[in-house]
Amino acid sequence: MGSVLSYFVRDPDDHVLDSACGLTGREKRLVRETWSVLRVNSINTGVAIMTSYFKKYPQYHRVFIAFKDIPVDELPANKKFQAHCQNIMSTLSNAFDALNDIDLMEAILHTAGERHGRRGQTRQQFIDLKGVMLEVMRDALKMKFSPEVEAAWGKTIDLAFSKIFEKFEDHAA
């Protein structure tokens, strides 16, 4: 997270656009700083994202074979569900940690895209997930989730999902 000093001493790359990922240095820093807060309790964050997703889009709950028969309100206590949520968070953390190495980020997300493509996941499911992720982040980060942070996250999630889409659509029937 940023220190008091960071408010007075700006990174010279703050306004430099990284053409490889489409984010400025400041946007990448905001994403890393806020993600560091969310990843402290990564299982809880993942569970919050996925249970919110299933509550908002019950049709997607049924797609998850391992969890489709478990009521959404019981999922947070289910260890298999927690493990799945931790896997999601680990993949996202690895991808977001690689914002300065777009080739590594791409490789991480292409693997996720291949897995999801084999399962027949759709672009719309991810688009809907983005909204839920932003809602959960807003609730968790409260005042730290400024409009600037939200915009940086919107761009970052769009970037991540575009890399996933490159591969899972190879598998879509």
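I began with the crossing of α5 and α6, and I noted it as left-handed (the near helix is turned anticlockwise from the far one by less than a right angle; clockwise would be right-handed). Helices here are DSSP runs of H or I with at least four residues, numbered from the N terminus.

I reminded myself that this is a predicted model, where local features need pLDDT of at least 70 and side-chain atom pairs count only at pLDDT 80 or more. Residues are numbered from 1 along each chain, and side-chain values use heavy atoms, without hydrogens and water.

Next I looked up the geometry: α5 (residues 79-97) and α6 (residues 102-118) pack at about 150 degrees, with axes 8 Å apart. Axes are lines fitted to C-alpha atoms, for helices over the stretch in contact, and angles run from 0 to 180 degrees between N-to-C directions. So α5 is roughly antiparallel to α6 (the word applies to angles over 145 degrees).

Which residues make the contact (heavy atoms within 4.5 Å)? I found Thr91, Asn94 and Ala95 on α5, facing Met105, Ile108, Leu109, Ala112 and Arg115 of α6. I sorted them into five nonpolar, two polar and one charged (Ala, Val, Leu, Ile, Met, Phe, Trp, Tyr, Cys and Pro are nonpolar, Asp, Glu, Lys and Arg charged, the others, Gly among them, polar).

Then I turned to α2 (residues 25-39), whose axis comes within 11 Å of that of α5, crossing at roughly 160 degrees. That makes this pair roughly antiparallel too, and α2 passes α5 in a left-handed crossing. On α2 I listed Trp35, Leu38 and Arg39; on α5, Met89, Leu92, Ser93, Phe96 and Asp97. This contact divides into five nonpolar, one polar and two charged residues.

Notes: Helices (H or I, at least four residues) and strands (E, at least two) are DSSP runs, numbered from the N terminus. Angles under 35 degrees count as roughly parallel, over 145 as roughly antiparallel, 65 to 115 as roughly perpendicular and the rest as oblique. Contact means heavy atoms within 4.5 Å.
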